[in-house]
Amino acid sequence: MNHADMPQDLASLPAEVPSALMAAVQAIAQGPLKQQVEAIDRGLYPQAILRDLAGVGAMSAHLDTDTHTADYGLAIQAMAEVSRVCGATGFMMWCQAVCGLYLQRSGNPALTGRVLQAHLSGEGLGGTALSNPMKSYAQIEGMLLRARAVEGGYQVSGTLPWVSNLGPNQYCGAIASVDSGSSSEPHEIMFLLHCDAPGVEMRECPSFSGMEGTGTYALRLSDHFVGADQLIADPTRPFIASIRAAFVMLQCGMAVGVTQGAIDSMWAVEGQLGHVNQFLEDRPDALQAELDELTARVMKLAETPFDTSQEFFIDVLDARAHGAELCLRAAQSALMHQGARGYLLSSDVQRRVRESHFVAIVTPAIKHLRKEIARLSTEEMPA
């Protein structure tokens, strides 16, 4: 096989993947997305592309609908196909996907009806403001949103510095710690936060080194009222325990896709530079074999996304960490394989280096993952 002219497919994806959905995703990724990827990296929010992806079912494959049964493997594969071209758009797919997960699993009729249907179609676009709460649960930082009970609901105040896939008419799932008075038991609420609601202010974030088109803002809440129609979970901890593996697992789609894109770019110069690139470490054939093995492992985990056992969650965390580490290695090696052309600011390789850094630091970051694996593994071992 002439790898220089024909980048490998995501080799370990099973043959029974619904071909129509994946064909539609690939057409979007290789067509309009590929044409706009540099602009997205510099700040263009690809709203039309996200709505197109929602329209073909790419961001709802993991949810039960009237037309299909939930398939986490398919959702991860769709995200990987997009991330292979644009890591920023793959990340926003994850934001949209987990927000849909919150809505469907909430059991709140106010969220599982019209709101969820609009979300599934792409009419509604949303994100997830759980970076801070996830770090809080891991005892990395304190909870930034505070709630107090009032008649008919809660009033929430505080500031979240980084929330993605947002816009003036968009929304996200958020968590606030409830002032519990004399009670020592922690109590949090999870709710759907609308960016244009009273008491909510969107603020521009400082410029990132890449992936600027992800619709990322700071959110400031001042006595924002949360009523029963907004509640996703109250209390929150049992809900988070039930979805945490699915939340983390879906992120593997980003890692697989960005890694595959980096491997593709190595094969692209093999015909010209293979005679000297053969002396580099992390060659594309070895990286592909490792990626295929990881992808097969993720696909197996995706068969039981709501397994709440500690052992299963450790496996998910480990796969996610492996994906981030492999992504870093592949992007770095792609730069070495491409040489000076990969150092151009406009190079796909240079963009993927920045995307791989994001995969490694987005919550849960590699250090967060390792901390949780160590904590849970210690709990699992007998005294």
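Let me start with the largest nonpolar core, which in this predicted model has 101 residues, and in which L53, Y102, M190 and L250 have the most contacts. By a nonpolar core I mean a set of buried Ala, Val, Leu, Ile, Met, Phe, Trp, Tyr and Cys residues joined through side-chain atoms within 4.5 Å, where buried is under 20% relative accessible area, exposed is over 50% and partly exposed lies in between, with a 1.4 Å probe and protein chains only. Helix α12 gives the most to this core, with 14 residues; helices (H or I, at least four residues) and strands (E, at least two) are DSSP runs numbered from the N terminus. There is also a second, separate core of 23 residues, and L166, V178, L221 and L231 are among them. In soluble globular proteins, nonpolar side chains tend to be buried together.

To go back to L53, and leaving out its neighbours within four places in sequence, this residue is in contact (heavy atoms within 4.5 Å) with V25, I28, A58, M59, V82, T89 and M93.

A word on conventions: residues are numbered from 1 along each chain as its sequence is written. Local features need pLDDT of at least 70 and side-chain atom pairs count only at pLDDT 80 or more, while totals for chains, interfaces and linings use all residues, and side-chain values use heavy atoms, with hydrogens and water left out.

Next, strand β7, residues 217–227, where we find L219. L219 counts as buried because its relative accessibility is 0%. Not counting residues up to four places away in sequence, L219 touches G158, T159, L160, V163, L166, C172, L193, C195, V200, E201 and M202.

In helix α10, residues 270–277, which residues are buried? They are E270, G274 and N277, and they lie on the same side of α10 because they cover an arc of only 80° around the axis, the arc being that of the directions from the helix axis to the C-beta atoms. The elements covering these buried residues include α9 (252–268) and α12.

Points are joined across faces, edges and corners, and a volume is the space filled by probe spheres set on them.

The largest pocket has a volume of about 690 Å³ and is lined by 28 residues, with W162, F358, I361, V362 and T363 nearest its centre. The largest share of that lining, five residues, comes from α13. By class, the lining has 14 nonpolar, 10 polar and four charged residues, where Ala, Val, Leu, Ile, Met, Phe, Trp, Tyr, Cys and Pro count as nonpolar, Asp, Glu, Lys and Arg as charged, and the others, Gly among them, as polar.

The second largest pocket, of about 420 Å³, is lined by 17 residues, of which Y137, I240, R244, E372 and R375 lie nearest its centre. Here α8 gives the most, with six residues, and the lining divides into 11 nonpolar, two polar and four charged.

Finally, the structure holds one cavity of 30 Å³ or more. The largest cavity has about 40 Å³ of space, and its lining consists of A54, M59, S60, L63, Q96, H119 and L120.

Technical notes:
On a 1 Å grid over the protein atoms alone, a cavity is a set of points where a 1.4 Å probe fits but cannot get out, and a pocket is an open set with protein on both sides within 12 Å along at least five of seven lines; lining residues have an atom within 4 Å of a point.
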